[in-house]
Amino acid sequence: MAAARVTAVSGSPCLAGLTQIRLVADAAAKPGIGQPLPRRLAPSTSLDACQRSTVAALHSARCFGGHCITAFHDTPPASAASAADVQALLARHGADRHALVQILRELQALHGWLPRENLAKIASAVGLTLAHVEGVAGFYRFFHLRPVGAYRVLFSDNVTDRMLGSEALMADLCRRLGVAPGRVSADGLVSVDRTSCTGLGDQGPALLVNHHHVITRLDASRVALLADLIRHRVPMGEWPASWFEVQDNIRRADVLLAESPTPGAALAAALARDPKAMLAEVQRSNLRGRGGAGFATAMKWELCRRASGAEHVVVCNADEGEPGTFKDRVLLTRHADAVFNGMTIGAWVIGARRGLVYLRGEYRYLLEHLQAVLQRRREAKLLGASILGREGFDFDIEIHVGAGAYVCGEESSLIESLEGERGTPRIRPPFPVEHGYLGYPTIVNNVETFCAASRIALHGGDWWAGIGTKKSSGTKIHSVSGDCERPGIYEYPFGTSIARILEDCGAQDTQAVQVGGPSGVCLSAFEFGRRIAFEDVPTAGAFMVFDRSRDMFEVARGFAHFFAHESCGFCTPCRVGTALVVKRLDKLAAGQGSRHDIDVLFELDKLMHTATHCGLGASACNPLRDTILKFRPAYERHLRSLHFEPGFDLDAELSIGRRMTGRDDALAHLENRP
Ligand code: SF4
């Protein structure tokens with residue numbers, strides 16, 4: 001592609017969907033450009049092939065300084081779904097407003113994005129306003145209200161992906177395809193962007209294509225071939241099958257991962273007891289939730305069982321969004337029967353007829369496999385009416401796929417999303433056990449918790465309580481990634497030391513371990529004797545290892561960007577606080593910070609810890625607090641000096657103006673002005 005040597009371009013921000021770009025210098029005189037570009041470009045402007053190349057080159061050179069370029073489609077945007085398609089979709093969901101997120105997801109799968117005219121039809125069919133439907137669609141990062149590339153590539157953007165070179169690989173792909181990150185190519189063929197951790201940290205760098213296909217173990221040769229396949233519009237079915245392989249990487253298995261009982265065995269054992277006796281077994285086991293909070297499972301089930309409601313609901317939280325966590329991915333792949341057994345046992349205890357799995361959008365590729373397991377279970381009378389011949393015990397499970405919102409891992413946000421709304425956390429109380437899905441008493445448990453409940457039904461509560469420690473019974477599965485020889489899945493009894501896990505995964509010269517993801521705790525070397533347990537180091541499952549070559553300031557900065565990106569924006573302390581944290585850290589990274597900025601980070605931590613509406617905001621500064629306390633030199637290295645007082649360099653700021661006007665003569669610099 002001919003590269004345009006345009007010296008300066010200015011643009012006006014996108015207004016009502018229209019971007020106008022004014023070329024300050026003439027691109028037409030440059031080699032390889034057939035026709036001059038028109039002086040003003042608008043979405044309706046028709047361009048020939050050479051002109052498209054020029055625009056693509058400008059685009060990839062990021063000349064437009066952050067202005068919207070999506071309006072540069074010189075091909076018409078993808079057409080809206082046909083009326084018949086929309087009708088079929090609505091019929092499949094009974095025009096139920098509570099299925100709105102699923103309707104939007106399926107509509108987008110048909111056409112790549114969500115045209116307004118389709119949203120209007122859906123709004124009118126489900127009895128909502130168009131503004132409401134657009135408000136829901138706009139909440140989820142995987143929904144697009146404007147056309148995106150026919151190939152939509154999303155690079156997983158966790159700190160461990162970056163450590164494996166994801167940024168350089170993305171830059172390479174963008175260069176090859178002539179597209180800037182976060183933008184759509186001039187011909188509408190492809191868009192490339194980052195997304196939060198896709199749950200493949202043990203085999204990264206990874207990416208998602210069209211929100212459905214995952215590609216793992218990226219390297220330069222895969223990226224080169226990927227660019228060719230996209231450029232030649234090769235259907236994804238013809239891409240190398242090995243790219244889509246997701247390995248389980250189970251490195252250490254204990255009672256959850258090692259056993260594979262027959263699909264209905266645990267359920268039969270549960271049904272051999274009455275619901276109260278099964279609840280007593282869970283109580284004896286001292287099982288605590290594996291999602292992070294560690295609430296006693298039996299207490300949750302009992303509160304829900306006692307709550308009055310026309311029906312009771314079981315929800316499995318499979319929205320494994322904490323960066324660096326991927327153990328639920330493996331449980332859903334290898335042990336889906338155990339998860340569904342656990343849900344059915346929960347239904348037996350609380351008296352539920354309906355079960356829902358909230359599967360994170362990044363795990364969409366698991367949907368067909370999970371549907372097949374559910375179908376097999378229906379055929380084996382493990383789901384449906386009169387389960388295992390037990391008259392009156394009717395229970396079935398549906399799968400709801402999320403659409404890219406980390407906050408939906410919080411149980412009340414997850415319920416909002418299940419109800420077809422924006423995933424805004426609810427005010428609690430009332431808690432879901434009393435007022436959950438559609439107002440019914442609801443238990444929400446993690447994938448691993450249900451898996452454990454299934455084992456407890458089989459072997460008894462005392463058996464489970466005999467594993468681990470007194471306050472933390474059973475085993476815990478860890479997703480190990482980062483600087484180690486054997487990343488993957490490790491299951492240990494609670495009470496296992498950090499040092500033991502580091503030794504097993506082949507970590508060398510370790511400087512720090514982030515346990516429980518960004519909202520967890522960062523441990524330095526003198527703490528490696530501590531143990532994984534609710535009473536010492538609690539965890540939801542992430543175990544990210546950093547050796548001494550890593551800059552812990554950059555690790556914390558990556559996490560800060562993650563929280564700012566994932567803040568749902570509902571409450572001001574989090575919406576503004578996460579942005580202020582990012583601003584301070586970026587300032588430090590640019591060498592313009594002072595010790596005062598580090599102190600301000602502490603203040604922001606205190607404020608957000610106490611004033612935010614949900615746990616996301618409250619824990620957003622955890623990695624900062626830990627790393628400042630334990631790795632302060634990493635921050636101070638980014639100061640020009642410990643006594644540096646930042647000032648304002650007016651001449652440096654004017655460099656943008658100099659670039660735009662093509663001037664760099666002596667008089668264009670302040671110090672030379674008379
Ligand atoms: Fe949303 Fe953050 Fe407030 Fe939670 S704390 S409700 S994520 S803005």
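Guide: Helices here are DSSP runs of H or I with at least four residues, strands are runs of E with at least two, and both are numbered from the N terminus. The model is predicted, so local features need pLDDT of at least 70 and side-chain atom pairs pLDDT 80 or more, while totals for chains, interfaces and linings use all residues. Residues are numbered from 1 along each chain as its sequence is written, and side-chain values use heavy atoms, with hydrogens and water left out.

Visitor: What makes aspartate 597 and lysine 587 a salt bridge?

Guide: A salt bridge needs a side-chain nitrogen of Lys or Arg within 4 Å of a carboxyl oxygen of Asp or Glu. Aspartate 597 and lysine 587 meet at 3.2 Å, N to O, so the pair qualifies. Aspartate 597 lies in α22 (residues 595-611) and lysine 587 in α21, so the bridge ties together parts 10 residues apart in sequence.

Visitor: Why is aspartate 597 called buried?

Guide: Buried means under 20% relative accessible area, exposed over 50%, and partly exposed in between (1.4 Å probe, protein chains only). Aspartate 597 has 1%, so the word is buried. Lysine 587, at 29%, counts as partly exposed.

Visitor: Is arginine 658 buried or exposed, and which class does aspartate 664 fall in?

Guide: Arginine 658 is at 9%, so it counts as buried. Aspartate 664 is at 59%, so it counts as exposed. Their side chains form a salt bridge at 3.8 Å, N to O.

Visitor: Which parts does the pair of aspartate 337 and arginine 376 tie together?

Guide: The closest N and O atoms of aspartate 337 and arginine 376 are 3.6 Å apart, and the pair forms a salt bridge. Aspartate 337 lies in α14 (residues 336-350) and arginine 376 in α15 (residues 367-379), so the linked parts are 39 residues apart in sequence.

Visitor: How do you know that the span of helix α7 is close to the expected one?

Guide: The expected span is 1.5 Å times one less than the number of residues. Helix α7 (residues 166-177) has 12 residues and reaches 16 Å from its first C-alpha to its last, against 16 Å expected. Just after α7, glycine 178 takes a positive phi of about 65°.

Visitor: Where is the lining of the second largest cavity supplied from?

Guide: α21 (572-589) and α23 (615-619) each supply at least two of its residues.
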